[in-house]
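Me: I'm new to this one. Can you walk me through it?

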Amino acid sequence: MTLEFTTSYTADTVSLFQHYKKLSERAMAQVTDEQLLAVLDPEMNSIAIIIKHLTGNMRSRWSGFPEADGEKPDRDRDGEFINPPVTRDELMNSWEEAWSIVFATLASLSDADLTRATTIRGERHSVLQAINRQLAHYAYHCGQIVLLAKHFKSDQWKPLTIPRGQSVKFNQRVKTGEASQR
């Protein structure tokens, strides 16, 4: 699938969110159930904890967006960093439910909505700023998930993007439409 050319910010944002979701899922698919819960040291978060935090954030930020404040009163952010789901199924069900909220909300927006105002923790943002904030936040945590999964798999890791030493070949595939950067 080649990159779809667009000048629509909302359309491109959906594509980017889908990209980071897929990267995270492909990384998680490579690790064992035990590795989803593993931590490298006491101050680190496991992949499961990162997912629990992301899903809590997604539910809070995107439910009622942009009319409702992005920090819902019933969100327990501190609780997102303890007691992760213990099964892969439970974790992935929560993941899918949260992403469905993100994508449904984004589908309801158009580029004309980008200048509207919203709030997060009472702080005023444009819809554009709020979307950018979430995109950066999710990309940050996606990188953590990939790093942890790659660490756990070590030499058995299957690259999610361009394998080492394959840039020229990949660039040729992009030019012919066989591959895409997303």
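Predicted model: local features only at pLDDT ≥ 70, side-chain atom pairs only at ≥ 80, totals over all residues.

Me: Salt bridges, then. How many salt bridges are there?
Reply: The count comes to nine salt bridges.

Me: What does Asp 33 form a salt bridge with?
Reply: Asp 33 pairs with Arg 88. Their closest N and O atoms are 2.7 Å apart. Asp 33 sits in helix 2 and Arg 88 in helix 4, so the pair ties together parts that are 55 residues apart in sequence.

Me: Is Arg 61 buried or exposed, and why?
Reply: Arg 61 counts as buried because its relative accessibility is 4%, and buried means under 20%.

Me: Which residues are linked with Arg 61 in a network of salt bridges?
Reply: Glu 71, Arg 75, Glu 80 and Arg 121 are linked with Arg 61 in that network.

Me: What lines the largest cavity?
Reply: Arg 61 turns up again, along with Trp 62, Phe 65, Ala 68, Gly 70, Thr 118, Thr 119, Ile 120, Ala 130 and Gln 134. Helix 3, strand 1 and helix 5 each give two or more residues to that lining. Strand 1 has the largest share, with three residues.

Me: How do the lining residues divide into nonpolar, polar and charged?
Reply: Five are nonpolar, four are polar and one is charged.

Me: Now the surface. Which residues make a nonpolar patch?
Reply: Val 39, Leu 40 and Met 44 make one of about 240 Å². Val 39 lies in the loop between helix 2 and helix 3. Val 39 is partly exposed, with a relative accessible area of 45%.

Me: Last one: where is Asn 83?
Reply: Asn 83 is in the loop between helix 3 and helix 4. Asn 83 counts as exposed, at 61% relative accessibility. Asn 83 and Lys 52 are 31 residues apart in sequence, yet 9.0 Å apart in space, C-alpha to C-alpha.

Terms used: Residues numbered from 1 in each chain as written. Heavy atoms only, no water. Patch = residues over 30% accessible without salt bridge, like charges linked within 9 Å, V, L, I, M, F, W, Y side chains within 5 Å. Areas by Shrake-Rupley, 256 points an atom, 1.4 Å probe, with all protein chains shown as cover. Salt bridge = Lys/Arg side-chain N within 4 Å of Asp/Glu carboxyl O. Helix = DSSP H or I, 4+ residues; strand = E, 2+ residues; numbered from the N terminus. Buried < 20%, exposed > 50% of the residue type's maximum accessible area, 1.4 Å probe, protein only. 1 Å grid on protein atoms, 1.4 Å probe; cavity = no way out; pocket = protein on both sides within 12 Å on 5 of 7 lines; lining within 4 Å. Nonpolar A, V, L, I, M, F, W, Y, C, P; charged D, E, K, R; others polar.
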